[in-house]
Amino acid sequence: YSMGNPWLEPGYSDHLELTATLFNKYSLDVSYRHDKNHNFSLSEERDGILYTTSQNGMTSSVLSFYLSVPVKLAEWWNVRLHASCRYDREKHLDKESSDDSWGSGYHMNIRLPKDFSISHDLIYDQPFQRLYSKQTARPQCHFDITKAFPKQGWRITLGLMDVFNQAGSRKVENFNEQYYQRTQGTCSNFAIRLNVSYNFRWGQKSMVRRNQAGNMNEMSRISMQ
C-alpha cells in the first residue's frame with residue numbers, strides 16, 4: 001500500500017556550482033548540494049503487508065565533478081569525451097551511508113561525403129547505492145544519421161534511441177531492517193525517430209544599406225572636393 005503523509009514539513013537545499021573553461025578547450029563543472037530535512041520514500045512491513053509512505057528527516061550531501069574534453073581525430077571526425085565522479089552521503093536518525101560512483105561516455109560526430117553525417121552518444125554510469133536503495137542499469141546509447149540539403153534548406157535525420165534498452169534493464173533494490181524488495185524495469189524506451197526540418201532563409205535576397213550620419217571629417221572633405 002502507498003500512503004500519503006499530511007504532516008510533511010518543508011525541506012531546505014543549498015546548491016553551489018562552479019564551471020571553468022581551461023585553455024579555451026576543456027570544461028570542468030564542480031557542484032555541491034546539501035539537503036536538510038527533505039522527504040524520502042520509506043517502507044515498513046506490518047502483518048505481511050508492505051506500507052510505503054513519505055517521511056521527513058533525511059540529510060544528504062552530494063559532491064560531483066564533470067569533465068568534458070573535445071578531441072579532433074580528423075577534419076571530418078570530432079569526438080567529445082566526458083567523465084564524472086560523485087560522492088554521496090545520506091543520514092537518517094542513527095543510520096548513515098556514503099558511496100562514490102563514476103560515469104563516462106562520449107559524443108561523436110562524423111561528416112561524410114554528399115552532406116551526410118553520423119552522430120553517436122554513449123553514456124555509462126556505475127551502479128550506485130544509497131541509504132535505503134541500490135540501482136543498476138545498462139549504458140545509454142543513441143545513434144543518428146543525417147542528410148542535409150544546404151541549397152534547398154532541408155535536413156532529414158533518422159535516429160535510434162536507447163539502443164541497449166537502458167530503461168528496461170534498470171534494477172532497483174529497496175531495503176531496510178524489515179524487508180528487501182527488488183524491482184526491474186518492464187518497459188523500453190527504444191524508438192526509431194524521423195526528423196525533417198526546413199530552414200526559411202528570409203531576407204537573404206534583399207540588402208539594406210545604412211546611411212552614415214554626423215559631421216565626419218571624411219564626409220566634409222569629399223563634399224568640398
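Residues are numbered from 1 along each chain as its sequence is written. Because the model is predicted, local features need pLDDT of at least 70 and side-chain atom pairs count only at pLDDT 80 or more, while totals for chains, interfaces and linings use all residues; side-chain values use heavy atoms, with hydrogens and water left out.

Strands are DSSP runs of E of at least two residues, numbered from the N terminus, and two strands are taken to pair if DSSP finds at least two bridges between them. In general, strands of a sheet pair through backbone hydrogen bonds, either parallel or antiparallel. In this model, nine strands make up an open sheet in the order β1-β2-β3-β4-β5-β6-β9-β10-β13, and the pairing is antiparallel. The edges are formed by β1 (12–22) and β13 (191–198), each of which pairs on one side only. From one strand to the next the twist averages 20 degrees, with axes taken as lines fitted to C-alpha atoms and angles running from 0 to 180 degrees between N-to-C directions.

Within this sheet, β2 (residues 26–46) and β3 (residues 49–74) are antiparallel and share 17 bridges. One of the pairs places E44 against Y51 in β3. Strand β4 (residues 77–92) is joined to β5 (residues 95–112) by 16 bridges, again in antiparallel fashion, and Y87 lies opposite D100 in β5. The hairpin of β4 and β5 has two residues between the strands, and L93 there adopts a positive phi near 55 degrees.

On its other pairing, β5 meets β6 (residues 116–125) over ten antiparallel bridges. N109 has S119 in β6 as its bridge partner. Three residues lie between the strands in the hairpin of β5 and β6, where K114 has a positive phi near 60 degrees.

Further along the sheet order, seven bridges connect β9 (residues 140–149) with β10 (residues 154–161), and these strands run antiparallel. K147 is set opposite I156 in β10. The hairpin that β9 and β10 form has four residues between them, with G153 in the turn at a positive phi of about 90 degrees. Strand β10 also pairs with β13, in the antiparallel sense and over eight bridges; here I156 stands opposite V196 in β13.

Salt bridges were assigned where a side-chain nitrogen of Lys or Arg lies within 4 Å of a carboxyl oxygen of Asp or Glu, and the count by this rule is nine. Accessibility is described as buried under 20% relative accessible area, exposed over 50% and partly exposed in between (1.4 Å probe, protein chains only). R33 and D35 form a salt bridge with an N to O distance of 3.1 Å. R33 is partly exposed at 41% relative accessibility, whereas D35 is buried at 12%. The salt bridge of R46 and E44 has an N to O distance of 3.3 Å. R46 is partly exposed at 40%, and E44 is partly exposed at 31%. E75 and K72 meet at 3.4 Å, N to O. E75 is exposed at 57%, and K72 is exposed at 54%. Salt bridges with shared partners also link R86, D88 and R130 into one network.

Pockets were found on a 1 Å grid over the protein atoms alone, a pocket being an open set of points where a 1.4 Å probe fits, with protein on both sides within 12 Å along at least five of seven lines; lining residues have an atom within 4 Å of a point. Volumes are the space filled by probe spheres set on the points, which are joined across faces, edges and corners. The largest pocket holds about 460 Å³ of space. Its lining has 23 residues, and S84, R86, S101, G103 and D125 lie nearest the centre. Two or more lining residues of this pocket come from each of β3, β4, β5, β6 and β8 (133–136). The lining comprises nine nonpolar, nine polar and five charged residues, where Ala, Val, Leu, Ile, Met, Phe, Trp, Tyr, Cys and Pro count as nonpolar, Asp, Glu, Lys and Arg as charged, and the others, Gly among them, as polar.

The second largest pocket has a volume of about 300 Å³. It is lined by 18 residues, of which S41, R130, Y132, S133 and N174 are closest to its centre. At least two lining residues come from each of β2, β4, β8 and β11 (171–175), and β2 gives the largest share, four residues. By class, this lining has eight nonpolar, six polar and four charged residues.
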